[in-house]
Amino acid sequence: MNRQDSLGKGVLPLLLALLLPGSLVQSAEPGSLDVRFDPPEGYGGQQRFLVVVGSNLYLTRENLVRRMDEQGVADPEWRLRAPLEHPPQSLVATPWGGFVVSDVFQSYLEQADGTWTRMGSSTSQWFPQADGSFIVHMRGRRISRQDPEGREVVGYGLNGRFGSVSFVNPSGSSSIGAVFGPRVAMSDRRGRLVVGGNFVSVGGVERLGLVRLLGDGRPDPAWNPGAALGIATTNDADPEILANFQGTPPTNFMTARPDWLILGPDDTAVVGIEYVAPRGFPDRRIAVLRESGELRSIFPSEPLSGLAVGCVQPDGRILIADHTLETWQGTPVGKLIRLEPDGTLDPTFQVTLDPPGASVSAMTLDDQGRLWISGFFTAVNGVARPGLARLFAHDSTPSIPQMTVSVARSRVAEGETLHLATEPTGSPAPAFQWYRDGVPIPGAVQSGLRLPVTNGVVPAEFQVVAWNTQGTNVLNLGRTEVAIRSPRPGGTAPQWGARLTNVSLITRLVPLADGRILFGAGTGWTTPAAMVGRLTAEGLLDSDFGTGGIVEGDGRVEDLLLRPDGSVVVTGSFSSIAGAPAAGIAELSATGQRIPRNFPELDYSSVTTALGLPNGQWILAGRFSRVAGVPRFRMARLKSDLSLDPDFDASATFERWQVVDVLALDGQGRLLAAGASHAAEGSLTNPAPYGLARLLPNGALDPTFTRAPAWGRTLFVESDGNLVTGLPLQRWSPEGRPMPLFLGNPTSPYLDIEPDHRLVRLSDGSFVAPLSASSLSINQLRRWLPNGRVDDLFENPFTEWEFRPRVTAAAALPDGSILTAIVDGRGGALIRRVLPDSDLQLADPQWAGGELRAGLFTQPGRRYRVVSRDSPGSPATATGELIEGDGYLSPVGATASGSEGYLQVVREPDGE
């Protein structure tokens with residue numbers, strides 16, 4: 001007999017003896033009152049929530065969360081320990097025991113052992129997932145995700161950016177300038193979030209009013225019901241409401257808006273939708289969506305208050321209550337009814353609430369088919385029940401519990417929290433007990449397990465037992481070992497260099513081949529200050545450059561272009577540099593001395609970038625409109641002698657507010673230009689960016705290239721001819737067409753106030769750039785994988801709040817590390833070095849018994865191949881060992897001939 005068999009047989013008599021009374025379900029007529037539940041007065045009325053866990057009901061009384069048993073007896077000893085200061089507003093049970101509870105200001109996570117954690121604002125909905133993570137819905141603002149350690153999964157929020165519009169319903173409420181974007185949300189049984197609200201796109205993908213987000217926050221490409229529901233955009237809205245709007249009214253509206261969502265069986269969805277209607281005639285409908293997003297049915301909603309509450313049975317029938325209910329499809333009804341999935345009334349469900357004006361404020365179904373209701377009523381079906389009652393709703397077919405693994409972990413680190421979980425079925429709803437090496441874990445009686453890993457809790461084998469009146473089942477989740485956590489990418493090296501107190505803001509970082517670093521700086525002020533500097537390989541000012549490592553000027557550097565002879569062309573907004581006049585462009589020698597160059601006069605001393613052509617000519621781009629006295633709007637080409645080339649004129653390409661930020665040549669030598677900057681002197685009524693375009697040799701737009709609506713200050717030409725712009729990060733074909741398989745985050749700019757983003761590309765094809773949520777927030781450094789997906793393994797290294805660090809420039813070094821320039825509240829500029837990823841680094845290498853052994857730091861989602869070599873230059877021999885990265889230190893090895901040999905690990909392609 002194996003351990004699983006012995007465990008199941010050994011605990012069966014005990015488990016059956018512990019069955020709760022509520023697990024013996026009595027069959028009764030639908031809608032009849034369950035008289036066994038007889039709560040005392042004072043618990044009914046306007047409940048904001050009813051939560052059933054096991055056989056207990058959780059609700060509020062006297063500004064506290066209280067617990068009742070099956071018979072309605074309140075437990076005077078039970079209480080939440082989270083420090084609520086105001087009446088509870090919401091309560092959500094977690095899969096591993098405990099709750100997320102919110103008052104009007106704060107939300108708290110209270111674990112089963114009574115420990116609690118402050119989670120954040122009460123304006124958020126919290127959706128706990130079986131793996132310990134949380135999906136967070138900030139109503140009207142954004143959707144985000146936290147991992148089990150409480151860190152934000154940045155890629156989730158960036159992939160799920162909402163393109164919002166207004167909704168105006170003259171018959172009801174309007175949301176001009178009020179609730180935009182994600183308005184209502186629910187999590188299905190697979191961890192996908194269904195969101196409804198005032199939006200037309202999510203993550204750059206069209207989604208009208210409804211979207212289902214995958215685990216990484218991207219819209220589910222197979223789920224898109226908005227158009228089938230009649231949700232569309234319009235330029236029409238009630239003129240009276242628009243006339244009373246403070247400020248400039250919007251011009252784009254939605255024809256319908258989802259108001260509520262209820263999860264149905266098999267991840268179906270029931271959606272309440274309000275449509276734009278003539279004044280005084282509300283148009284509310286209920287739609288039933290299949291799991292695929294296809295429309296199963298849609299029918300008029302008789303409740304008119306907009307405050308209806310409901311839930312869905314496992315057979316798909318819909319329970320709904322509203323104080324305005326009087327008829328349904330012409331049939332007189334009470335305030336609580338049941339509908340078939342097609343919207344027809346179910347006459348077998350009859351409930352009478354007294355008095356006639358009674359209402360239901362909250363309801364929930366339990367796993368035994370019983371409906372719990374609260375509200376303003378005094379009696380149910382003629383029996384006194386002051387505001388709180390339990391009804392029979394449906395029967396379920398008795399079945400033995402079955403379980404499948406939903407979350408399993410083979411390794412975990414000391415100080416982390418182990419989460420394991422199952423997906424159970426069975427009727428009546430099963431009870432659970434978790435075991436560690438055959439010993440029951442106290443308090444572990446949910447379908448999920450949460451276990452802090454301290455003091456040798458693991459290694460161990462974990463099992464979970466589920467039982468009900470029909471029998472018992474045991475699921476073995478295998479062995480979990482303690483391992484060493486790999487460092488997360490994004491760690492910084494010890495202090496590199498020194499704070500540059502004489503440098504206000506670094507705008508450009510350019511690594512040199514000898515390890516030194518060239519930087520551009522400035523603020524745009526006319527007072528002379530540091531504009532160009534050079535650091536040694538150790539990060540200190542290089543005394544061999546300029547004066548003490550600095551070249552001063554009276555403006556701001558935008559770009560630095562290295563020349564083959566070691567000199568550097570400086571562009572920006574300045575009128576002097578190195579003690580001599582300069583109209584936005586100048587050249588410095590390798591030692592920081594001014595090189596006399598006869599650049600032409602510009603009417604506006606601002607050059608955003610320059611490009612040297614193979615034939616010795618130059619392309620200049622900037623905010624000027626005349627070059628050497630000749631009209632040349634925003635761009636000009638210079639001959640090799642720096643005189644204006646009359647055969648090139650791109651003036652007709654630009655609107656007055658558009659500015660080019662970057663120039664490049666494609667693989668065929670054709671000129672590309674991109675930009676996101678705006679010029680203040682232009683009309684800003686429609687400030688579209690310059691975008692991405694290709695120019696003919698005479699400066700006109702190339703008609704064979706689709707001018708792309710790119711919004712970025714960086715442009716990369718890839719080896720296959722594709723183009724990458726950022727930010728937002730987007731990839732385009734060689735002819736300017738967007739590439740949909742490149743994920744990126746193709747939304748309009750990430751920020752409320754746009755910083756000067758400069759995208760950096762690493763040698764492995766990934767991208768790095770600074771991000772900021774607003775002008776007041778801390779800048780974040782983010783990395784994207786080569787396929788455009790945000791790399792959530794990369795942890796933002798700049799999290800100090802007190803000094804508000806802001807990343808102003810970044811550059812990649814050959815070893816994979818990243819240099820970042822920072823300004824903060826302590827004054828001056830600081831350059832920090834972000835270390836390369838920890839994987840592919842071997843720890844504690846040793847040779848013993850004809851084998852080379854070492855430890856390999858891995859990252860989740862990556863694969864590693866172990867190879868051996870007889871000498872550094874000899875061919876590699878694969879050992880056949882393929883390591884699946886999980887974020888922990890993994891042992892690797894290879895045979896060796898004698899004491900000679902080399903162990904190497906290579907990273908397999910991501911396969912994205």
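How many helices and strands does the secondary structure of the protein chain come to? The answer is 3 helices and 75 strands, in a model that is predicted. Of the 912 residues of the chain, 52% count as buried. Among contacts between residues at least 6 apart in sequence, 49% join residues at least 24 apart. The accessible surface comes to about 38,900 Å², and carbon and sulfur atoms account for 52% of that area.

**The largest nonpolar core**

- The largest nonpolar core holds 22 residues, and those touching the most other members are Trp 434, Leu 449, Val 458 and Phe 462.
- Two or more residues are given to this core by each of β35 (411–413), β36, β37, β39 (448–452), β40 (460–468) and β41 (471–483).
- The largest share, 4 residues, is that of β40.
- Beyond its neighbours within four places in sequence, Phe 462 is in contact with a set of residues including Leu 418, Leu 420, Tyr 435, Ile 441, Leu 449, Leu 451, Leu 475 and Leu 477.
- Arg 436, Asn 476 and Thr 480 are also among the contacts of Phe 462.

- Strand β43 (residues 517–521) is largely enclosed by the rest of the structure, because 5 of its 5 residues are buried.
- In a regular strand, side chains alternate between the two faces of the sheet.
- In β43, Ile 517, Phe 519 and Ala 521 point one way, while Leu 518 and Gly 520 point the other way; the residues on both sides are buried.
- Strand β42 (residues 506–511) pairs with β43 in the antiparallel sense over 5 bridges, and Pro 511 has Ile 517 of β43 as its bridge partner.
- β42 and β43 form a hairpin with 5 residues between them, and Gly 515 in the turn has a positive phi of about 95 degrees.
- Strand β44 (residues 529–535) also runs antiparallel to β43, joined to it by 4 bridges. Here Ile 517 stands opposite Leu 535.

- Met 186 is placed in strand β13 (residues 181–187).
- Its relative accessible area is 7%, so Met 186 counts as buried, the cut-off being under 20%.
- Not counting residues up to four places away in sequence, Met 186 touches Phe 127, Arg 192, Leu 193, Val 194, Leu 261, Ile 262, Leu 263, Thr 268 and Ala 269.
- His 137 is 49 residues from Met 186 in sequence, and their C-alpha atoms are 9.2 Å apart in space.

**Backbone features in loops**

- Most residues other than glycine have a negative phi, and most peptide bonds are trans.
- Asp 354 and Pro 355 are joined by a cis peptide bond with omega of about 0 degrees. Pro 355 is in the loop between β28 (353–354) and β29 (359–365).
- A cis peptide bond also runs from Ser 427 to Pro 428, with omega near 0 degrees. The loop that holds Pro 428 is between β36 (417–427) and β37 (431–436).
- Gln 329, which is not a glycine, has a positive phi near 50 degrees. This residue lies in the loop between β25 (327–328) and β26 (331–332) and is partly exposed, with a relative accessible area of 47%.
- Ala 628 likewise has a positive phi, of about 55 degrees, although it is not a glycine. Its loop is between β53 (626–627) and β54 (630–631), and Ala 628 is partly exposed, with a relative accessible area of 45%.

Terms used. Residues are numbered from 1 along each chain as its sequence is written. This is a predicted model: local features need pLDDT of at least 70, side-chain atom pairs count only at pLDDT 80 or more; totals for chains, interfaces and linings use all residues. Side-chain values use heavy atoms; hydrogens and water are left out. Buried means under 20% relative accessible area, exposed over 50%, partly exposed in between (1.4 Å probe, protein chains only). Contact means heavy atoms within 4.5 Å. Accessible areas come from the Shrake-Rupley method with a 1.4 Å probe; for residues, only the protein chains shown count as cover. A nonpolar core is a set of buried Ala, Val, Leu, Ile, Met, Phe, Trp, Tyr and Cys residues joined through side-chain atoms within 4.5 Å. Two strands pair if DSSP finds at least two bridges between them.
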